[in-house]
Protein chains: 2
Amino acid sequence: MGEPVSTPALRSDASEVYRRYLSAVMLHGHASAKACELGATDLYALNILQLTGPMTPGELGTRTGLTTGPTTRLIDRLEQAGYVRRAADPGDRRKVIVEPIGEPADLDRVMAPARQRIGELLGGYSPEQLEVLFDYFARATDAYQEAADQLRAKSAD
Amino acid sequence: MGEPVSTPALRSDASEVYRRYLSAVMLHGHASAKACELGATDLYALNILQLTGPMTPGELGTRTGLTTGPTTRLIDRLEQAGYVRRAADPGDRRKVIVEPIGEPADLDRVMAPARQRIGELLGGYSPEQLEVLFDYFARATDAYQEAADQLRAKSAD
DNA sequence: AGATTTCTCTTCGTTGAGGAAGAGATTAGG
DNA sequence: CCTAATCTCTTCCTCAACGAAGAGAAATCT
């Protein structure tokens, strides 16, 4: 009601479309975290690990902005839930390397509906269009990562 | 090591590219929330309000999965931070309508770096390519929203 | 080899958010 | 006009997560 479906309202305000898109992505992310019984910091750390790769607890603590105590307990929770595993560093036996495990059961089950819908959506595009989309995905990944680093640097003033 | 940099590994696994993209978006979202001193649930509710529009505290509580007590305190925090405002419903004087305020100062300042980078990124595409991208944004918005609703319905079993 | 530094883990105290029950206010129905 | 139902807000309680300080183990330097 009140929204004309037949007329293309998609291009009316590009900024609004993009804001709604970001809100939907974040919304789904939080709903997934709740379904997995994951805390906010836990999901935050998990995203860092998935994006940057294995790292030591010290580096993870620095990136999450946590001190050593909470970092240890954070890794304990993630390890107990089956999302990461602790591995020994061959070079330094003091160090511990935290690495994400490929496909956690809960997260995979929770992400399944979204994965299927996005898969169907992407399947409707031509190869040329998919090339445009994935080019954007790759470039936007760097853009958001740089913006996040910038925010992290600013908050440490 | 073990990763050939000179060969184009970007197109080798599309799923991996998309996962990294989602991780980067979520990562930036959490970093923004931390920079705004917003809790996880606060940002969650804010996204719901931005995506769905004004609603009563009762409906917001249902969507966030919170009971009435925490919902009131949640709205208090958002109102005090300047992100939403309480308005009276002309029809029912019992009801309160929570509506998001257009451009919160902190959130706008925090989102500025990402907005600029994404703006520059989108500026490099042709009109036809932009049409593909924004078509995806609009469709993915619905997909993620439906997936989030599905998750919410499942968790209420 | 001994001392210093680095890294991770443990423990205690505190702060913050969410759940449950009850009160006040307003609307609808008999 | 009076009773029942609905909606929001308040209060008390519990619990999980973070910060700070200290201990143990291992690598580096003298």
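Tutor: Start with the element names: helices (H or I, at least four residues) and strands (E, at least two) are DSSP runs, numbered from the N terminus. Residues are numbered from 1 along each chain as its sequence is written, while chains are lettered from A and ligands numbered from 1 in the order in which they are written. The model is predicted: local features need pLDDT of at least 70, side-chain atom pairs count only at pLDDT 80 or more, and totals for chains, interfaces and linings use all residues.

Student: Which helix gives the most to the surface near DNA strand D?

Tutor: H4(A) does, with 5 residues. "Near" means that the C-beta atom, placed from the backbone, lies within 6 Å of the strand.

Student: What makes up the rest of the picture around DNA strand D?

Tutor: There are 23 residues around DNA strand D, and A:Thr41, A:Gly69, A:Arg93, B:Thr56 and B:Gly58 come nearest. H4 of chain A, helix H3 (57-64) of chain B and H4 of chain B each give two or more residues to that surface. By class, the surface near DNA strand D has 6 nonpolar, 10 polar and 7 charged residues.

Student: What makes a residue count as nonpolar, charged or polar?

Tutor: Ala, Val, Leu, Ile, Met, Phe, Trp, Tyr, Cys and Pro are nonpolar; Asp, Glu, Lys and Arg are charged; the others, Gly among them, are polar.

Student: Which residues come nearest to DNA strand C?

Tutor: Of 22 residues around DNA strand C, these are A:Thr56, A:Gly58, A:Gly69, B:Thr41 and B:Gly69. That surface divides into 6 nonpolar, 10 polar and 6 charged residues.

Student: Why are H2(B) and H4(B) called roughly perpendicular?

Tutor: Their axes come within 10 Å and cross at roughly 80 degrees. Axes are lines fitted to C-alpha atoms, for helices over the stretch in contact, with angles from 0 to 180 degrees between N-to-C directions. Angles under 35 degrees count as roughly parallel, over 145 as roughly antiparallel, 65 to 115 as roughly perpendicular, and the rest as oblique. H2(B) and H4(B) are therefore roughly perpendicular. B:Thr41, B:Asp42, B:Ala45 and B:Leu46 of H2(B) make the contact with B:Leu74, B:Arg77 and B:Leu78 of H4(B).

Student: How do you know that the span of H1(B) agrees with its residue count?

Tutor: The expected span is 1.5 Å times one less than the number of residues. For the 22 residues of H1(B), residues 14-35, that is 32 Å; the end C-alpha atoms are 32 Å apart, so the two agree.

Student: How many residues of chain A are in contact with chain B?

Tutor: 52 residues of chain A are in contact with 52 of chain B; contact means C-beta atoms, placed from the backbone, within 7 Å. H6(A) gives the most to chain A's side, with 20 residues. That side has 32 nonpolar, 13 polar and 7 charged residues.

Methods
Contact = placed C-beta atoms within 7 Å.
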